[in-house]
Amino acid sequence: MFSFLACALGAATEREPASSFTGLASAAELLDRHFYFVVDDFHLLAGTSLEEELEQLIAINSQHMHFLIGSRHFPRINMAKSELRNAFSVFGDDLRFRDYEIEQLFRTTFKRPLSVHGVSNVARVTDGWAAALYLFHLATTNRSNVERRRAAESLNHTSRFAGDYLVKHFLAGTTPDMNRLLTVTSLLDFITPSRCDALLERHDSRAMLHKLEELGIISTDDDGATYRMPKVLRLYLLAGIDEMEPEEQVGLRQRTAALLEREGEVGEGLRILAESGDWESIKLLLARAGGSALQPGRCGWAASIPDHVMPDDAWVVAARSREMLDDGRAMAAEGAAARVRDLTTDPECLRIANGLRLTAAVWSVGGEPAGADYPVRNLRKAIRGNPRSTTCSSSIKGHPEYLFTGLSFLLAGDQRSALPLLIQCAERLDLDPAAALAAQLALAVFGHDSAGSDSWATAAEVDSVQRQAERRGFTWLGRLAGGIQAALPGTPAAAVAANSVIAACEDRGDEWGAALIAAGAVLLRLRTGAADLGQLEALAKRFRRLSAGTLEAWTYSAEALVSANLDLPCAPEDAQSAEAFARTASVPGALAVAYAAMALHKPEEYPELMRQASETAQSAGLVCRPWTWLAPCRHELVPPPSLPPAVASDYEPPIRHSDGNTEPTPERARLPSLQITCLGEFALSREKVPVDLSRIRPQARTVLRILCLNAGRLVHRERLAGILWPDLDAPAALHALQVSVSCLRGALQPEGVSGGGQLLVRQGAAYALVLGTGSTFDLADFDQSLHAASLAKSAGDSLSTAQQLRHAVELYSGEVLPEDGPAEWVSDVRERYRQRAAEAAATLASVELSLGNTAAATAAATRSVEIDPWRDESWRTLVETFQRLGNPAAAQRAQRKYDRMLNSLGVDAE
């Protein structure tokens with residue numbers, strides 16, 4: 001190994017190969033680019049001198065030299081050495097493909113997409129093991145698409161696609177005794193030394209399990225107390241059990257079930273019996289175990305009960321009801337539980353069935369929150385509306401209440417009160433696994449204060465919930481986590497993957513799962529600065545059907561926010577409706593979002609409404625600010641297609657909104673690009689050539705500036721006429737406007753200049769200036785920079801935050817359209833951008849200060865003061881930066897100016 005690395009390093013550095021470790025270290029220091037040394041199947045070298053030799057090589061620790069080691073078990077290398085401080089480990093679960101990744105793998109890499117059910121089944125059978133996925137792909141390469149999808153949907157433990165690989169590679173080195181142990185224990189979810197000894201009638205199982213772990217065949221997470229084998233290997237071995245003689249197979253399953261019954265693991269024992277269809281033994285075991293067999297997550301086996309077994313046994317029917325409830329099929333669970341009272345007089349069975357029926361009724365469509373357990377009933381009430389009322393009346397006595405009260409707070413928008421309760425619940429996995437995992441999932445999605453959170457950490461948290469929920473039998477929670485995991489990237493492709501999971505929920509009759517996954521997908525898209533109004537409308541319908549008024553209120557507020565951001569004609573009505581609905585449903589968090597939506601389409605009331613939104617959010621406990629997630633967006637007017645000159649002027653172009661809902665337009669003439677400047681001074685260029693406005697009358701130039709200020713958006717002609725010709729009657733004012741528009745069109749497309757479509761278009765009773773490809777607009781650039789800075793700040797990326805804020809502050813070269821003086825049509829917009837620029841500069845000063853850039857912080861704070869001399873934060877930051885810069889005289893001068901400003905306002909300086 002030493003000589004191989006020495007030769008490779010010598011070739012990379014164009015030197016003679018080193019002959020000692022010291023020489024190797026010197027050669028490594030000559031590297032000027034990254035150098036990777038890969039050792040695969042390192043487990044084959046375990047216990048040899050090469051293992052120690054590799055540890056010495058790694059200790060060289062050059063900044064450009066990296067070692068990648070692949071092994072079935074952890075290498076015997078001291079990872080605590082100071083030379084290995086940057087080492088990190090990736091384990092099997094980290095490499096496992098998730099459902100949505102499997103869907104993408106077959107669709108984009110293998111070019112053989114699978115159905116929703118096929119993806120789910122392949123994920124279940126292979127457990128996302130990369131080798132198994134590739135082997136399945138190879139085994140079905142020559143099949144048609146229909147055959148391949150059918151194979152994926154029917155894949156089970158009898159499939160032998162991975163058999164040869166497992167025998168030749170994975171099980172190489174095992175003894176017959178080891179193979180016997182693996183086969184017998186493949187029935188078990190977890191293997192323990194005592195279980196092996198009991199089933200194999202021997203006393204040395206612990207040593208054999210340790211050896212199998214060293215071979216990388218099984219794994220342990222608790223220092224050998226329990227072991228697990230890979231899902232694909234387990235299914236392969238189960239196929240071997242199915243080939244045993246019937247008596248031998250039944251005997252093994254019954255002995256294993258009896259062992260598990262003695263250990264109190266009745267659910268697992270019932271599963272083992274159900275796999276062989278031993279329904280008589282199942283009935284006997286259920287009768288002995290009673291209610292202990294019907295605990296949450298313990299009845300997954302009941303999904304395979306055939307119809308002929310169901311009618312006559314009350315415990316079997318109750319088990320089926322529990323399985324349906326765990327799987328999210330509330331209506332079916334309610335119906336099954338109701339049948340139990342006709343089958344038995346056993347008080348324990350009737351009590352359990354009644355509890356299942358009442359709980360299922362709460363979550364059935366149109367169900368009433370009555371009769372069920374107190375915490376469940378309260379949560380259902382919170383979902384219907386007025387969630388704060390349930391949190392106020394709740395007195396937290398035990399573990400489940402932490403979850404239900406925390407979720408009720410969350411429904412109201414009170415993250416501040418919800419998160420501590422959810423954290424306490426999540427930490428108690430041993431007391432109530434289902435509640436703890438549900439709390440973990442809620443924390444993964446809502447535990448971050450805003451957009452741009454650490455997506456990798458969130459994905460790991462959600463994946464952990466999905467894996468544990470599936471292993472513990474909480475299939476509904478696992479499916480919900482899987483849907484959220486699919487939607488996490490917040491991209492259109494992620495939305496497609498999430499829709500696959502939603503479709504699977506709908507096929508199973510799981511309406512709550514479908515609705516919550518759809519809500520998660522919308523939320524995650526919103527956090528990336530994008531949203532789909534169609535999805536929001538569909539989501540509102542889902543929640544209305546489920547009588548989930550609180551969630552419906554949140555959906556309406558999000559829809560209003562997106563509409564206002566897109567400046568759609570329906571935005572004012574959407575915002576008013578959302579505000580009224582949130583107020584009626586008593587959802588303060590949604591009300592804050594509705595206020596923000598109203599602010600976006602009411603420039604004259606923007607400061608007051610945005611203040612109201614922030615104060616409502618603060619009062620409600622809403623930590624995040626959803627209105628900061630969306631980039632200020634303008635309509636992109638689609639240029640008209642090429643038309644004959646005689647009809648082109650009458651053509652009314654369609655509008656394509658940034659939500660992407662409209663159909664693609666036909667091929668059209670290229671539209672010239674415009675370069676618009678509104679900050680500091682007005683300037684307009686066409687294809688980077690200044691537009692000659694010398695012959696345009698003042699009123700027409702004002703029309704042009706109004707249209708430029710609203711570039712890409714429609715401005716109603718009556719508004720334009722009212723601004724420019726308020727003293728004329730309507731017909732005369734509209735005629736004057738038409739004349740001005742005609743003159744402007746001539747200036748924007750001078751005679752003799754060919755190419756491009758119409759830049760100034762009319763649609764109905766409104767006009768708009770169209771921005772073609774390559775156009776620039778300083779106000780839009782300013783908005784986009786602030787939005788990017790907000791996302792970067794939320795993600796904790798100070799460098800990117802500073803970069804985006806610097807760009808925004810540089811763009812603000814002065815007030816919006818200063819040549820128009822105090823004109824009312826521009827004053828509100830001018831003031832809004834002035835405040836935002838001052839705030840951006842003040843924020844930049846704080847960020848620069850945190851990065852240690854005191855000089856840049858001073859310049860930013862000074863600029864903020866120049867833009868808005870009345871801003872306290874800017875003055876304080878300016879004084880602080882001068883002090884940190886070691887310039888007390890400048891700090892004192894800035895403090896005196898700040899004091900004078902306060903005195904001018906009648907405020908005593910401290």
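At what angle do the axes of helix 40 and helix 42 cross, and within what distance do they come? In this predicted model, local features were considered at pLDDT of at least 70 and side-chain atom pairs at pLDDT 80 or more, whereas totals for chains, interfaces and linings use all residues. Residues are numbered from 1 along each chain as its sequence is written, and side-chain values use heavy atoms, without hydrogens and water.

The axes of helix 40 (residues 824-850) and helix 42 (residues 872-884) cross at roughly 30° and come within 10 Å. Axes are lines fitted to C-alpha atoms, for helices over the stretch in contact, with angles from 0 to 180 degrees between N-to-C directions. Helix 40 is therefore roughly parallel to helix 42 (angles under 35 degrees count as roughly parallel, over 145 as roughly antiparallel, 65 to 115 as roughly perpendicular and the rest as oblique). The crossing of the two helices is left-handed, that is, the near helix is turned anticlockwise from the far one by less than a right angle, clockwise being right-handed. Helix 40 contributes Ala838, Ala842, Ala845, Ser846 and Leu849 to the contact, and helix 42 contributes Glu873, Ser874, Thr877, Glu880, Thr881 and Arg884; contact means heavy atoms within 4.5 Å. Four nonpolar, four polar and three charged residues form the contact of helix 40 with helix 42. In this classification Ala, Val, Leu, Ile, Met, Phe, Trp, Tyr, Cys and Pro are nonpolar, Asp, Glu, Lys and Arg are charged, and the others, Gly among them, are polar.

The chain as a whole contains 43 helices and eleven strands, taken as DSSP runs numbered from the N terminus (helices H or I, at least four residues; strands E, at least two). Of its 910 residues, 50% are buried, where buried means under 20% relative accessible area, exposed over 50%, and partly exposed in between (1.4 Å probe, protein chains only). The accessible surface amounts to about 42400 Å², with 52% belonging to carbon and sulfur atoms; areas come from the Shrake-Rupley method with a 1.4 Å probe, and for residues only the protein chains shown count as cover. Among contacts with a separation of 6 or more, 62% are between residues 24 or more positions apart.

Two further helix pairs were examined. Helix 14 (residues 246-262) and helix 15 (residues 266-275) have axes that come within 8 Å and cross at roughly 170°. Helix 14 is therefore roughly antiparallel to helix 15, and the crossing is left-handed. Residues in this contact are Arg253, Gln254, Thr256, Ala257 and Leu260 of helix 14, together with Val266, Glu268, Gly269, Ile272, Leu273 and Glu275 of helix 15. By class, five are nonpolar, three polar and three charged.

Helix 31 (residues 571-585) packs against helix 32 (residues 588-600) at an angle of about 160°, with the axes 9 Å apart. Helix 31 and helix 32 are therefore roughly antiparallel, again with a left-handed crossing. The contact involves Ala575, Ala578, Glu579, Ala582 and Arg583 of helix 31 and Ala590, Leu591, Ala594, Tyr595, Ala597 and Met598 of helix 32. Nine of these residues are nonpolar, none is polar and two are charged.

Several individual residues were also examined. Ala318, in helix 17 (residues 314-326), is buried at 1% relative accessibility. Apart from residues up to four places away in sequence, Ala318 touches Leu294, Val340 and Leu356. Ala318 and Ala338 are 20 residues apart along the chain, and their C-alpha atoms are separated by 9.1 Å. His137, in helix 7 (residues 130-139), is buried with a relative accessible area of 12%. Beyond its neighbours within four places in sequence, His137 is in contact with Phe106, Phe110 and Arg148.

Pro400 lies in helix 22 (residues 399-412) and is partly exposed, at 31% relative accessible area. Pro375 is 25 residues from Pro400 in sequence, with a C-alpha to C-alpha separation of 7.2 Å.

Positive phi values in residues other than glycine include that of Asp41, near 50°. Asp41 is in the loop between strand 1 (35-39) and helix 3 (49-58) and is partly exposed at 37% relative accessibility. Asn386, a residue other than glycine, likewise has a positive phi near 50°. Asn386 is in the loop between helix 20 (374-384) and helix 21 (387-393), and its relative accessible area of 32% makes it partly exposed.
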